[in-house]
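Good morning, and thank you for the time. I would ask you to keep the sequence and the structure in view while I speak.

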2 protein chains.
Amino acid sequence: MKRPKKQRQQALQDSIKENPFVTDEELSITFDVSVQTIRLDRMELAIPELRERIKHVAVKTFEDEVKSLPIDEVIGEIIDIELDKKAISIFDVKPEHVFQRNQIARGHHLFAQANSLAVAVMNEELALTVKSELQFLRPVRAGQRIVAKAEVIDSHPEKNRAFVKVVSSVEQQTVFIGTFEMYRMTEQSEGDVK
Amino acid sequence: MKRPKKQRQQALQDSIKENPFVTDEELSITFDVSVQTIRLDRMELAIPELRERIKHVAVKTFEDEVKSLPIDEVIGEIIDIELDKKAISIFDVKPEHVFQRNQIARGHHLFAQANSLAVAVMNEELALTVKSELQFLRPVRAGQRIVAKAEVIDSHPEKNRAFVKVVSSVEQQTVFIGTFEMYRMTEQSEGDVK
DNA sequence: CTCATGTTAGTACCAAGTGCTAATAGCGGG
DNA sequence: CCCGCTATTAGCACTTGGTACTAACATGAG
């Protein structure tokens with residue numbers, strides 16, 4: 001016997017979780033037991049067969065395909081935009097965005113919303129953040145909706161620079177202020193931020 | 001003949017696209033032709049069989065499932081920590097962290113790593129970011145490893161405040177500098193950041 | 001020694017196909 | 001009316017990755 005049953009089953013569970021696309025035969029090789037043993041293990045652990053596992057993953061994604069698309073590019077949903085001038089986005093704070101201990105939203109989510117918005121408000125898609133100053137004025141909690149307003153306050157197209165100020169608030173109360181110095185990338189200068 | 005072949009094939013294509021989980025037999029019933037005809041149609045249209053279609057959907061979702069995770073807990077892996085003094089974390093930039101257009105890492109990932117580290121280096125888990133100043137010095141690309149070093153530069157335990165400086169670099173070159181003013185939350189003061 | 005547990009082997013069967021051959025239906029042209 | 005063509009249908013062997021079940025065997029504990 002290599003390792004007791006329990007350990008193998010634990011490992012089995014983990015490795016299927018990590019890669020649901022593995023067949024019983026492949027598993028039997030990696031654990032150096034027979035295919036039947038793998039099947040018995042799966043039964044005891046109530047792990048469905050390969051096809052059912054794959055189907056499960058597929059159905060899940062198919063169902064929230066609509067959900068996952070908009071979240072991809074910009075953090076938060078842009079509800080109004082006037083290129084090179086101003087933009088507004090909203091972001092609903094959910095349980096996964098907060099510290100478990102105190103239910104307060106992690107700073108990087110506020111930053112991500114503001115920064116994404118600053119990038120979006122710049123006319124070109126090729127904008128990078130160079131510098132920024134942030135103030136986290138009040139804690140935000142799960143269930144609250146953050147409204148971020150971005151405004152281009154100073155634009156120097158000749159120098160490929162612009163300054164964007166973002167103010168985020170929850171129910172009229174300002175919770176976050178950020179100023180961003182943005183760099184407008186051109187085709188030639190790509191990657192040469194100094 | 002019900003409807004010419006062409007129309008059936010068009011409809012077939014549409015209905016598989018809409019619901020990839022349909023079997024040939026089910027299709028043969030809805031189009032009132034034999035299973036073999038459906039198979040021939042699929043071949044002409046180069047549509048894979050049910051299992052392959054499902055697998056395709058599953059693989060797709062599985063791939064961007066990994067995408068949605070990283071902004072979750074601590075960003076980057078902490079490899080050294082001395083509470084209240086300093087800490088180091090590494091973060092491998094992957095394709096999902098960069099802008100598609102120019103392959104440059106999005107600012108909020110660098111911020112997230114630095115901010116997480118700043119929170120972690122504080123002795124208590126109940127630390128919040130109050131203010132911060134960031135400089136994005138050089139663009140970081142997919143495949144590169146960011147090493148972030150955090151240092152507590154000024155601590156005022158009596159005022160529940162501390163300043164943390166984080167310097168991130170890729171292959172000895174500094175790419176990002178951030179200073180964070182942190183607020184140390186106590187049980188009583190919870191949520192009363194002013 | 002016997003019994004329980006764990007493991008392996010083997011068989012029949014299933015779903016949802018592929019690949020192939022062959023038969024048939026329907027229609028148009030000459 | 002028969003020829004040829006396309007489209008359709010049928011049938012069979014085979015594949016993957018299993019389930020369900022039975023039987024054999026090994027090993028260690030009581």
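I begin with A:Ala114, which is placed in helix H6 of chain A; helices (H or I, at least four residues) and strands (E, at least two) are DSSP runs, numbered from the N terminus. Before I continue, please note that this is a predicted model, in which local features need pLDDT of at least 70, side-chain atom pairs count only at pLDDT 80 or more, and totals for chains, interfaces and linings use all residues. Residues are numbered from 1 along each chain as its sequence is written, while chains are lettered from A and ligands numbered from 1 in the order in which they are written.

Is A:Ala114 buried or exposed? A:Ala114 is buried, because 32 other C-beta atoms lie within 10 Å. The term buried requires 20 or more other C-beta atoms within 10 Å of the residue's own, exposed means 12 or fewer, and partly exposed is in between, with C-beta atoms placed from the backbone. Leaving aside residues up to four places away in sequence, A:Ala114 touches A:Ala148, A:Val166, A:Ser168, A:Phe176 and A:Gly178; two residues are in contact if their C-beta atoms, placed from the backbone, lie within 7 Å. A:Ile88 is 26 residues from A:Ala114 in sequence, and their C-alpha atoms are 9.6 Å apart.

Let me place this in the chain. Chain A contains six helices and six strands, in the sequence order α-α-α-α-α-β-β-α-β-β-β-β. Of its 194 residues, 31% are buried. Among contacts in chain A with a separation of 6 or more, 63% join residues 24 or more positions apart.

I turn to helix packing between the chains. In general, two packed helices are described by the angle between their axes and the distance between the axes. Helix H6 (residues 107–121) of chain A packs with helix H5 (residues 107–121) of chain B at about 160 degrees, with the axes 9 Å apart. Here axes are lines fitted to C-alpha atoms, for helices over the stretch in contact, and angles run from 0 to 180 degrees between N-to-C directions. H6(A) is therefore roughly antiparallel to H5(B), given that angles under 35 degrees count as roughly parallel, over 145 as roughly antiparallel, 65 to 115 as roughly perpendicular and the rest as oblique. On the chain A side, A:Gly107, A:His108, A:Phe111, A:Ala112 and A:Asn115 take part, and they meet B:Gly107, B:His108, B:Phe111, B:Ala112 and B:Asn115 of H5(B). By class, the residues of this contact are four nonpolar, six polar and no charged. Ala, Val, Leu, Ile, Met, Phe, Trp, Tyr, Cys and Pro count as nonpolar, Asp, Glu, Lys and Arg as charged, and the others, Gly among them, as polar.

Within chain B, the axes of helix H2 (residues 24–31) and H3(B) come within 8 Å and cross at roughly 105 degrees. H2(B) and H3(B) are therefore roughly perpendicular to each other. H2(B) contributes B:Asp24, B:Glu25, B:Leu27 and B:Ser28 to the contact, and H3(B) contributes B:Val35, B:Ile38 and B:Arg39. These residues comprise three nonpolar, one polar and three charged.

Now to the DNA. Which residues are closest to DNA strand C? Of the 13 residues that surround DNA strand C, the closest are A:Val33, A:Thr37, B:Thr23, B:Glu49 and B:Leu50; near means that the C-beta atom, placed from the backbone, lies within 6 Å. Helix H3 (35–45) of chain A and helix H3 (35–45) of chain B each supply at least two residues of this surface, and H3(A) gives the most, with three. The surface near DNA strand C has four nonpolar, four polar and five charged residues.

DNA strand D is surrounded by residues including A:Arg39, A:Glu49, B:Lys5 and B:Thr37. H3(B) gives the most to the surface near DNA strand D, with three residues. That surface has three nonpolar, four polar and four charged residues.

I close with two backbone points. Most residues other than glycine have a negative phi. A:Ala46 has a positive phi near 60 degrees and lies in the loop between H3 and helix H4 (50–63) of chain A. A:Ala46 counts as exposed because it has 6 C-beta neighbours inside 10 Å. B:Gln172 also has a positive phi, near 70 degrees, and its place is in the loop between E5 and strand E6 (173–184) of chain B.
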